[in-house]
Amino acid sequence: MPTVTIPHRSTSNPTPLAQHQRLTLLRQAVNRDDIPLQDCVAAALVLLYAQPLTRIARLTIDDVLREDGEVQIRLGDPPSPVPEPYADMLLDYLGQRPNTITATNPGARWLFPGRRAGQPMTPGTLEIRLRNLGFPTQRGRTSAIRHLVLQAPAPVVARMLGYNDDTTAHIAEEAGGTWRNYAPGNHSRSRSSRGLAPAVADDDCH
């Protein structure tokens, strides 16, 4: 038989970032002074909470909550705690969001307001900005969700971050998670759900 050449086929699921790469990028989001604050916040939402840009673009300032001295962000139910130093960064950003002092966007409540009246920044714009700053959004998000499902049961991660249960269960199985005997249900007040983000961020902040 003649030689057969199989063409390369790209994949929609690129190899996730290594954990040390993700942590390095998280530190850059907090410590680099040459990055606009809006991009730092968007990068943290990708790298800490595995949020897709389509969902990040639809967040509003009403999704940032302050309760009993704790900062939370509503990505699913229950809201996710925001650990330091990301909490301070997020609160600082609320007071200096771009595109809010023009005549077309007075009182805009989008977390990332766009330049068009009443519209948020588009996912495409967010992606270009982050990519140009060296934040790989898809690989970073894949790395973050794999890390999260190793820290807590997949159903808890799904509910807090707005993911489908089947999606997180599949990711947990691929990542070698050890929560297979976890019983699904309402665990909104469980220790795992309340401590999910800080447990992840303890390593990420230093």
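Two strands pair if DSSP finds at least two bridges between them. Strands here are DSSP runs labelled E with at least two residues, helices are runs labelled H or I with at least four residues, and both are numbered from the N terminus.

A word before the views: this is a predicted model, in which local features need pLDDT of at least 70, side-chain atom pairs count only at pLDDT 80 or more, and totals for chains, interfaces and linings use all residues. Residues are numbered from 1 along each chain as its sequence is written, and side-chain values use heavy atoms, with hydrogens and water left out.

View 1. Welcome to a protein chain with 10 helices and 3 strands. Read from the N terminus, its elements follow the order α-α-α-β-β-β-α-α-α-α-α-α-α. Of its 206 residues, 43% count as buried (buried means under 20% relative accessible area, exposed over 50%, and partly exposed in between, with a 1.4 Å probe and protein chains only).

**View 2. The open sheet of E1, E2 and E3.** The 3 strands lie in the order E1-E2-E3, with antiparallel pairing. Strand E1 (64–67) and strand E3 (80–81) are the edge strands; each has a single partner strand, so one side of each has no neighbour in the sheet. Between E2 (residues 70–73) and E3 there are 2 bridges, in the antiparallel sense. Look for Gln72, whose bridge partner in E3 is Pro81.

**View 3. The hairpin of E1 and E2.** These two strands pair in the antiparallel sense over 4 bridges. Val64 can be found opposite Ile73 in E2. The hairpin has 2 residues between the strands, and Asp68 takes a positive phi near 55°.

View 4. A search of the whole structure turns up 2 cavities of 30 Å³ or more. On a 1 Å grid over the protein atoms alone, a cavity is a set of points where a 1.4 Å probe fits but cannot get out, and lining residues have an atom within 4 Å of a point. Grid points are joined across faces, edges and corners, and a volume is the space filled by probe spheres set on the points. The largest cavity has a volume of about 80 Å³. Its lining consists of Val41, Ala44, Leu45, Tyr49, Val82, Tyr86, Met89 and Leu90. Helix H2 (37–49) and helix H4 (86–94) are the elements that give two or more residues to this lining. The largest share, 4 residues, comes from H2. By type, the lining holds 8 nonpolar residues, no polar and no charged (Ala, Val, Leu, Ile, Met, Phe, Trp, Tyr, Cys and Pro count as nonpolar; Asp, Glu, Lys and Arg as charged; the others, Gly among them, as polar).

**View 5. Leu90 and Val41.** Leu90 belongs to helix H4. With 6% relative accessibility, Leu90 counts as buried. Although Leu90 and Val41 are 49 residues apart along the chain, their C-alpha atoms are separated by 6.4 Å.

**View 6. Arg27 and Pro85.** Arg27 sits in helix H1 (residues 19–31) and is partly exposed, with a relative accessible area of 30%. From C-alpha to C-alpha, Arg27 and Pro85 are 9.8 Å apart in space, and they are 58 residues apart in sequence.

**View 7. Arg55 over the ring of Tyr163.** Arg55 lies over the face of Tyr163, at 5.5 Å from the ring centre. A charge sits over a ring if NZ of Lys or CZ of Arg is within 6 Å of the ring centre and within 35 degrees of the ring normal.

Note on methods
1 Å grid on protein atoms, 1.4 Å probe; cavity = no way out; pocket = protein on both sides within 12 Å on 5 of 7 lines; lining within 4 Å.
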